[in-house]
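Hi everyone, thanks for coming. Let me put the model up on the screen, and then I'll walk you through it.

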Amino acid sequence: MTDALLAAHHATVGYDGHGVVHAVDVRVGPGDLLVLMGTNGSGKSTLLKTFAGLLPVVDGTAEVLGAAPGRRPADVAYLPQHPGSLDTLPLRVRDVVAMGRFANLGLLRRFGRDAQRIVADAMERTGADVC
C-alpha cells in the first residue's frame with residue numbers, strides 16, 4: 001500500500017463481517033501523531049483491534065509496518081484499557097510491561113536477565129518505574 005507505519009484505504013472494520021466503522025482512510029508515517037476520538041461505542045477500540053490483527057478487515061485494505069495487520073507480532077502490541085483478566089488475575093505494572101517481550105521469548109522460554117533489563121529500561125524511559 002505505502003511506506004507508512006500504519007495505513008488504511010477505504011477500510012471497513014467490525015465484527016463477524018458486519019461493519020461498525022466504514023470507509024477509513026488514514027496514513028501514519030514516522031513522527032506522525034494519530035489521535036482517535038469519539039463517543040463510547042463509536043468504534044475506536046474496534047479500529048485498534050483491527051490494526052493489531054485481532055479482528056479482520058471487513059472491506060478495503062489495512063497495513064501495519066508494511067504488512068497485513070497481525071503479521072508482525074514481535075513489532076506491534078495492543079494493550080486494552082480494560083483487559084478481561086483484570087478481575088481474576090491481578091497484574092503489576094511490571095507484569096504488563098513484560099508482556100511486550102512475550103513474542104521475543106517464544107512459547108517455553110523464561111525471562112532471563114536480559115529480558116528483565118529490557119523491561120526495567122523501558123519502565124525507566126517512560127516513567128513507569130515509579131508505579
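So, one term before we start: I'll call something a salt bridge when a side-chain nitrogen of Lys or Arg sits within 4 Å of a carboxyl oxygen of Asp or Glu. Keep in mind that this is a predicted model, where local features need pLDDT of at least 70, side-chain atom pairs count only at pLDDT 80 or more, and totals for chains, interfaces and linings use all residues. Residues are numbered from 1 along each chain as its sequence is written, and side-chain values use heavy atoms, with hydrogens and water left out.

Okay, the overall layout. The protein chain has 4 helices and 3 strands, and from the N terminus they run β-β-α-β-α-α-α. Helices (H or I, at least four residues) and strands (E, at least two) are DSSP runs, numbered from the N terminus. The C-alpha atoms fill a box of roughly 45 × 35 × 30 Å along the principal axes.

How many salt bridges does the structure hold? There are 5. One of them pairs Asp3 with Arg27, with the closest N and O atoms 2.7 Å apart. That pair links distant parts of the chain: Asp3 is in the segment before strand 1, Arg27 is in strand 2 (residues 18-28), and they're 24 residues apart.

Are those two buried or exposed? Buried means under 20% relative accessible area, exposed over 50%, and partly exposed in between, using a 1.4 Å probe and protein chains only. Asp3 counts as exposed because its relative accessibility is 63%, while Arg27, at 44%, is partly exposed.

Now over to helix 4 (residues 113-126), where Asp121 and Arg117 sit 4 residues apart, about one turn of the helix. In the Asp121 and Arg117 bridge, the closest N and O atoms are 3.7 Å apart. Asp121 has a relative accessible area of 31%, so it's partly exposed.

Another bridge joins Asp95 and Arg92, at 2.9 Å between the closest N and O atoms. Arg92 is exposed, at 54%, and Asp95 is partly exposed, at 24%.

Last stop, the inside. Buried residues make up 22% of the 131 residues in the chain. Thr12, in strand 1 (residues 6-15), is buried because its relative accessible area is 9%. Leaving out residues up to four places away in sequence, Thr12 touches several others, including Val21, Val57 and Asp59; touching here means contact, heavy atoms within 4.5 Å.
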